[in-house]
Amino acid sequence: MTQPHPQAFPPRFTWGVATSSYQIEGAAHEDGRSPSIWDTFCAAPGKVKGGDNGDVACDHYHRLDGDLDLIASLGVNAYRFSVAWPRILPGGRGAVNRAGLDFYSRLVDGLLARGITPWLTLYHWDLPQVLQDAGGWPARDTALAFGEYAAIVAAELGDRVGHFITINEPWVAAYLGHGAGVHAPGHTDLAESFAASHHLLLAHGLGVRAVRAAAPGAQVGITLNLAAAYPATDREADHAAAHRQDGFANRWYLDPVFGRGYPQDTVKLLGNASPQAQELVRPGDLDIIGTPSDFLGVNMYSRSVVETAPGEGWLGVRQLRPEGSEYTGFDWEVAPQSLSDLMLRLQRDYTPRAIYITENGATYPDTVSEDGTVHDEARTRYFQQHLAALEVALAGGAKVSGYFAWSLMDNFEWAEGYDKRFGIVHVDFDTQARTLKQSGRWYRDFLTRAQQGQPA
Ligand code: PNW
């Protein structure tokens, strides 16, 4: 079994854990927060497993100090969280809600007091419902509203927050939300999903500019969910299928963010569903989207293996489930080598100023044993394998500057409700008791060794 070497990671490497607002905060109807599209989606019958919702979640909003101590106890030097737009701007734009801002201000101060660097995500999927009612991401105006929101958050917190992520996983927000319909707002229209993707990317570009203007010293970037795509066989047709898959899932976001515009092969496949054909791309948009940023955030969980399937959807690919591989509780293949492949490929093809792994982790059905411990061997092994793969990428020249484990604690796992646990800390959702899992102990001990002899 491959073990990562703590001393193989550069000094001042960023080591963190990550969460997002709707998944942990609860207090959904307090202190002036307005509903988000996830409150609405959860209330619709049959959308979320078990009828679960984020009304209480991990009750983090009321347990801030205890959770800050918990984060500090892990020995991380960074914490990635997201700000709930409907707490800051209950009307989506316009009047600022001080109570909402105060919560994040206390969170940031609490992190800094503990020597932990805050990493603030501006959008992790909880769009104010009022903006959805006005058209949501398929409407261009939502990107402009995001720019205003980004400016407000950066102006209020940019004196203490030095790292901003604009949008978390535009592919998931656009495609799972508007194409596949499994995330809020639950629509199933391919053309709409590409309209959403264009406006999410535009929002990113406007967000970069807004953060730069309001918080000049801050670093800003986007987080993409990326999965390296492999052909099922060495047949040329399968190689072509893997390239199409890569265009849809990866290059569609990477190319415009790095100033290259949309990949033309994917545009052609999309036909009338492409943003160009829908006349959504206005002069200047690609310059805004391509505004140089300070880092690329990558959320990596698995890879995809595909074969060609002519006529199967617009993409003509079929996802396979390779035999002999290990799978997580989500049925995602454990594919650590694809992390090294992905990092080296990003370095080679895009030369980002810096790469941060902003999420990596796995879900398994954990159980608390009699003695109160959680033996999540599979998750522990997952982290070990992926950090070992990251080490290989670093040795090969990939400029990776940090790693965030997903997640600090078990939380509301979107359409899966509370059934799927990703935490390195176990949460009992009846009592809200937090228990460090074996994976959490391993991560803490690994970070202790990785950061040995370094100034705090
Ligand atoms: C990410 N996919 O979502 C999110 O950023 C987290 O909020 C979430 O809890 C975590 O991964 C685990 O699911 C994803 O279908 C959802 O490829 C779906 C996909 C990828 C990432």
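The chain exposes about 16,700 Å², and 51% of that area is supplied by carbon and sulfur atoms; accessible areas come from the Shrake-Rupley method with a 1.4 Å probe, and for residues only the protein chains shown count as cover. Before we walk further, please keep in mind that this is a predicted model, in which local features need pLDDT of at least 70, side-chain atom pairs count only at pLDDT 80 or more, and totals for chains, interfaces and linings use all residues. Residues are numbered from 1 along each chain as its sequence is written, and side-chain values use heavy atoms, with hydrogens and water left out.

How confident is the predictor? The chain averages a pLDDT of 97, and 99% of the residues score at least 70; pLDDT is the predictor's confidence in each residue, from 0 to 100. Where pLDDT is low, the predicted coordinates should not be read in detail. For the model, ipTM is 0.94 and pTM is 0.98.

Now for the overall fold. You will find 15 helices and 13 strands in the chain; helices (H or I, at least four residues) and strands (E, at least two) are DSSP runs, numbered from the N terminus. The chain's radius of gyration is 21 Å, close to the 23 Å that the globule rule gives for 456 residues, so the chain is as compact as a globular protein of that length. That radius is taken over C-alpha atoms, and the rule is 2.2 Å times the number of residues to the power 0.38. Along its principal axes, the C-alpha trace spans about 55 × 55 × 45 Å.

Of the 456 residues in the chain, 61% are buried. Here buried means under 20% relative accessible area, exposed means over 50%, and partly exposed is in between (1.4 Å probe, protein chains only). Among contacts with a separation of 6 or more, 76% are between residues 24 or more positions apart; a contact means heavy atoms within 4.5 Å. As for charge, the chain has 37 positive and 53 negative side chains, and the centres of the two sets lie 5 Å apart. Lys and Arg count as positive and Asp and Glu as negative, while His and the chain ends are not counted; each charge is placed at NZ of Lys, CZ of Arg, CG of Asp or CD of Glu.

Arg12 is exposed, with a relative accessible area of 70%, and has a phi near 65°, a positive value in a residue other than glycine. Another positive phi, near 85°, belongs to Trp125. Trp125 sits in the loop between strand E3 (117-123) and helix H6 (129-133), and counts as buried at 6% relative accessibility.

Two cis peptide bonds are also worth a look. One joins Ala184 and Pro185, with omega about 5°; Pro185 belongs to the loop between helix H8 (170-178) and helix H9 (190-214). The peptide bond from Trp406 to Ser407 is cis too, with omega near 10°, and Ser407 is in the loop between strand E11 (400-406) and strand E12 (425-427).

Next, compare sequence distance with distance in space. Ser73, in helix H3 (residues 64-73), is partly exposed at 42% relative accessible area. Ser73 and Arg444 are 371 residues apart in sequence, yet 8.0 Å apart in space, C-alpha to C-alpha. Val305, in strand E8 (residues 304-308), gives another pair: Val305 and Gln278 are 27 residues apart along the chain, and their C-alpha atoms are separated by 31 Å.

What surrounds Val305, leaving aside its neighbours within four places in sequence? Its contacts include Tyr230, Pro231, Ala232, Arg318 and Glu333, and Val305 is buried, with a relative accessible area of 9%. Pro275, in the loop between helix H11 (264-270) and helix H12 (285-289), counts as buried at 0% relative accessibility. Beyond neighbours within four places in sequence, Pro275 touches Phe194, His198, Trp252, Leu280 and Val281.

Our last stop is Lys437, in the loop between strand E13 (434-436) and helix H15 (438-450). Is Lys437 buried or exposed? Lys437 is buried, with a relative accessible area of 0%. Leaving aside neighbours within four places in sequence, its contacts include Asp366, Asp376, Arg379, Asp410, Arg421 and His426, and Val374, Gly423, Ile424 and Val425 are also in contact with Lys437.
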